[in-house]
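The following note sets out several points on the model shown below. Please read each one alongside the sequence and the coordinates.

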Amino acid sequence: MLMGLALLTLCGCSNESANVEKSTSDVVIENIMSRRSIRKYKDEPVSREKMETIVNCGINAPNGSNRQEWEIRVVDNPEFINGCTEAWKKTLDADRLTKMVDENFKNMFRNAPTVVFIGCPKGSELNCGLLGENMILSAWSMGIGSCCLGGVIQFFRTEAGAEYLNKLEFSEGYDLLYAIAFGYPDETPDAKPRDITKVKFIN
């Protein structure tokens, strides 16, 4: 009888473990499939404690030979974000300024309160992509939205943006690759369709 009870207990533990494993995988998959790029944010800052968690997830991404050839700059300083935005606006022609700056406009980073800038030497772009994806997914799991920003990087390569690029203090040989906006979502966009026909299993 005692042996039977022990076997039942072991089976129960085994099933519980399997259920936990399944539950964990479901949560991970749901997080990936529910993530959306957010382009509207609430006027609510993301705490540095949460950003530290997000960045820590980022730097634990896979990378070639564990070289970790990336540099991350987290900016939540309104003075930097607003100053950068005003300088950027001066580089726009009248038509583009009218199109991009409306009554809801706050800053050039989709109005996000926090921006992460990612830099790397040439050849490490793939590693930085993995790093960014880790940050984006970990943020989403905490209810924090994000949006990858490539277009705004062109501004930092201009004379007007050089001042702000210098303030990011990337090491010599490192180029600003892209930025990610972070903040609490003020929208719930629908998923865009994905083209499954681009996936093939090769026998």
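1. Glu49 and Glu52 are exposed on one side of helix 2, exposed meaning over 50% relative accessible area, buried under 20% and partly exposed in between (1.4 Å probe, protein chains only). Helices (H or I, at least four residues) and strands (E, at least two) are DSSP runs, numbered from the N terminus.

2. The model is predicted, so local features need pLDDT of at least 70 and side-chain atom pairs count only at pLDDT 80 or more, while totals for chains, interfaces and linings use all residues. Residues are numbered from 1 along each chain as its sequence is written, and side-chain values use heavy atoms, with hydrogens and water left out.

3. The protein chain has seven helices and four strands. In order from the N terminus, its elements run α-α-β-α-α-β-α-β-α-α-β. Of its 203 residues, 33% count as buried. Contact here means heavy atoms within 4.5 Å; among contacts between residues at least 6 apart in sequence, 84% join residues at least 24 apart.

4. Helix 2 (residues 48-59) has twelve residues and should span 16 Å at 1.5 Å a residue, which agrees with the 16 Å between its end C-alpha atoms. The expected span is 1.5 Å times one less than the number of residues. Met51, Ile54, Val55 and Gly58 are the buried residues of this helix. Seen down the axis of helix 2, these buried residues fall within an arc of 95 degrees, so they line one face; the arc is that of the directions from the helix axis to the C-beta atoms. An α-helix has 3.6 residues a turn, so residues three or four places apart point the same way. The cover over the buried residues of helix 2 includes strand 1 (71-75), strand 2 (114-120), helix 5 (125-141) and strand 4 (175-183).

5. How many disulfides does a search of the whole structure find? The search finds zero, a disulfide being a pair of cysteine sulfur atoms within 2.5 Å. Cys128 is in no disulfide, and the nearest cysteine sulfur, that of Cys120, is 3.8 Å away. Cys128 is buried, with a relative accessible area of 0%. Cys147 is likewise in no disulfide, the nearest cysteine sulfur being that of Cys148 at 6.8 Å. Cys147 counts as buried at 3% relative accessibility.

6. Rings of Phe, Tyr and Trp (its six-membered ring) pair if their centres lie within 6.5 Å; planes under 30 degrees apart count as stacked, over 60 as edge-to-face and the rest as tilted. The count by this rule comes to six aromatic pairs. The Phe80 and Phe117 rings have centres 6.2 Å apart and planes at 65 degrees, so this pair is edge-to-face. Phe80 lies in helix 3 (residues 78-89) and Phe117 in strand 2, so the pair ties together parts that are 37 residues apart in sequence. Phe80 counts as buried at 10% relative accessibility, and Phe117 is buried at 0%. Phe155 and Phe156 also form an edge-to-face pair, with 5.3 Å centre to centre and 75 degrees between the planes; Phe155 and Phe156 are buried. One aromatic cluster is formed by Phe80, Phe109, Phe117, Phe155, Phe156 and Tyr164.

7. Asn107 lies in the loop between helix 4 (94-100) and strand 2 and counts as buried at 6% relative accessibility. Its side chain reaches the backbone nitrogen of Phe109 at 2.7 Å. Leaving aside neighbours within four places in sequence, Asn107 is in contact with Ile81, Thr85 and Ala112.

Notes. Polar contact = N/O pair within 3.5 Å; in protein donor to acceptor, adjacent residues only side chain to side chain.
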